[in-house]
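User: I am new to this structure and would like to learn how to read it one feature at a time. Could you take me through it slowly?

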Amino acid sequence: MLDINLIRKDPDLVRTALLNRGYDPAPLDEILALDVQRRSIIARNDELRALRNEVSKQIGRMKDVAEREAKIAEMRRVGDEIDLLDAELRKIEAQLHELIASLPNLPDPRTPIGPDESHNVVVREERGWLPAPTFDVKPHWEIGEQLGIIDFERGVKLSGTRFYVLNGWGARLQRGLIAWMLDLRREQGYVERYLPFMVRSDVVFGAGQLPKFRDNLYHDAEEDFWFVPTAEVPLTGLHSAEILDGNALPLLYAAYTPCFRREKMSAGKDVRGLKRGHQFDKVEMYAITKPEESDHYLEKMLHDAEETLRRLGLTYRVKLLCTADLGFAARITYDIEVWSPGVREWLEVSSVSNTGDFQARRANIKFRRERGAKAEFVHTLNGSGLALPRTMIAILENYQQPDGSIVVPEVLRPYVGTDLIRGA
RNA sequence: GGAAAGGUGGCCGAGUGGUCUAAGGCGGCGGUCUUGAAAACCGCUGUAGGGCUCCGCCCUACCGUGAGUUCGAAUCUCACCCUUUCCGCCA
């Protein structure tokens, strides 16, 4: 949520930001007009309330019945006017809130300006220590079925397209990855959280997925629960409406959750394999920091996510997203993409973002530097560490042997319980 | 799912229609006293919005949430949410 004071003070800054993102800046003028209306109504309304409060106190003390009745009649009219103004104000504030809530975050100055994803900037490319394959690597859906560790058909039987079943060592590999990633995060200073996978509407709003992106979410109508599309949602809600102790910051969290996404926007795209399912697992990193420290922790989280791929020996590259590709709540985002020789593409396994105070405003998360100091909004950051299915793809393809077996990465062996996967 | 009790400031807790400008206590901050500390005493204490002559002052709103009654609501009415306990069900 953008600060109305900023919009009021520097509308051109916001206008430019919206244009850079490819958003229509028209709501801005509407917002400015409503803001003026709103304040004039409040001024008049507060005046009337002050009058009514004062006179009502006098009425309580009045002895003269005629005078008393006259004042009561007068205040009844004042009350009627207040009711009218209240109704008008509620309408305007609802419109204003809806319009402001639909505006995305302002991009950081370092975010490249560009009209589409081709303007994302590759910051660096890191070659893993794993030797490049000398044979024709099969895509994971082929090798997965061949080994019997991925069952696409039965996934479809159970739940339809974009679902699959992991069998035996396949399931075990993913579970091992999750446990290993969580242990790595702890080593890096993150405290593990186990969270609800279903949350209330206001929690989803706080993270920025509602109201704009409801089409991509699963919703239980009976209980009004939303299935989390990422752990970022409950992690943002965790400290909503709290004023944190500045000395306790930063708060660094890691959480494993499944993620549920309808993927309506991309029907027909990436339907094959593990790449884009309706349900996938992820280990997430999250940080709540003081404003002046958030950029430092953005770099830390990026480094920590990269460390995951480094330890697996995989080749990856880091991209700085341009304005067109930037998520709604983010002001700056790094994507990490791992190379996978079977599908022959760079797979996005992590996205690390600084949202500044955007989510903090929506979720109302504040801190106090010291006792008695004014409460300020925190900054929040999120980063995948990492998305499991695509990490699985990278392992099944990068660690594939000519005979069709999969070598288990050394760091994972204690977690998976085998050195080599030859079948389910 | 059923029944009962409850929800008031950072915390505890009083308050059942009119200086509530929410008592009192605890905690915290500042001060007096002290060689220092403790004790005692004095003062201060939240969030949001708006206005101004803007280091400050003034106004408005906020007692779980939302509607309603009233000149006036923490207090009365209705609905909802949440918490606790008991019963039922259950891994």
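User: Does Ile113 count as buried or exposed, and where in the chain does Ile113 lie?

Analyst: In this predicted model, the idea is to compare the relative accessibility of a residue with a cut-off, and exposed means over 50%. Ile113 has a relative accessibility of 57%, so Ile113 counts as exposed. Ile113 belongs to the loop between α4 (65–101) and β1 (121–126).

User: Which residues does Ile113 touch, leaving out those up to four places away in sequence?

Analyst: Leaving those out, Ile113 touches Asn20, His119 and Thr323. As for His303, this residue is 190 residues from Ile113 in sequence, and their C-alpha atoms are 24 Å apart in space.

User: How should I read a helix such as α10, and which of its residues are buried?

Analyst: An α-helix has 3.6 residues a turn, so residues three or four places apart point the same way. In α10 the buried residues include Ser294, Tyr297, Leu298, Met301 and Leu302, and Leu309 and Leu312 are also among them. The length can be checked as well: the 19 residues of α10 (residues 294–312) should span 27 Å at 1.5 Å a residue, and the end C-alpha atoms are 28 Å apart, which agrees. After α10 comes Gly313, with a positive phi near 75°.

User: What percentage of the residues of chain A count as buried, and how confident is the predictor?

Analyst: Of the 424 residues of chain A, 51% count as buried. The average pLDDT of chain A is 92, and 99% of the residues score at least 70.

Terms used: Residues are numbered from 1 along each chain as its sequence is written. Chains are lettered from A and ligands numbered from 1 in the order in which they are written. This is a predicted model: local features need pLDDT of at least 70, side-chain atom pairs count only at pLDDT 80 or more; totals for chains, interfaces and linings use all residues. Side-chain values use heavy atoms; hydrogens and water are left out. Helices (H or I, at least four residues) and strands (E, at least two) are DSSP runs, numbered from the N terminus. The expected span of a helix is 1.5 Å times one less than its number of residues. Buried means under 20% relative accessible area, exposed over 50%, partly exposed in between (1.4 Å probe, protein chains only). Contact means heavy atoms within 4.5 Å. pLDDT is the predictor's confidence in each residue, from 0 to 100.
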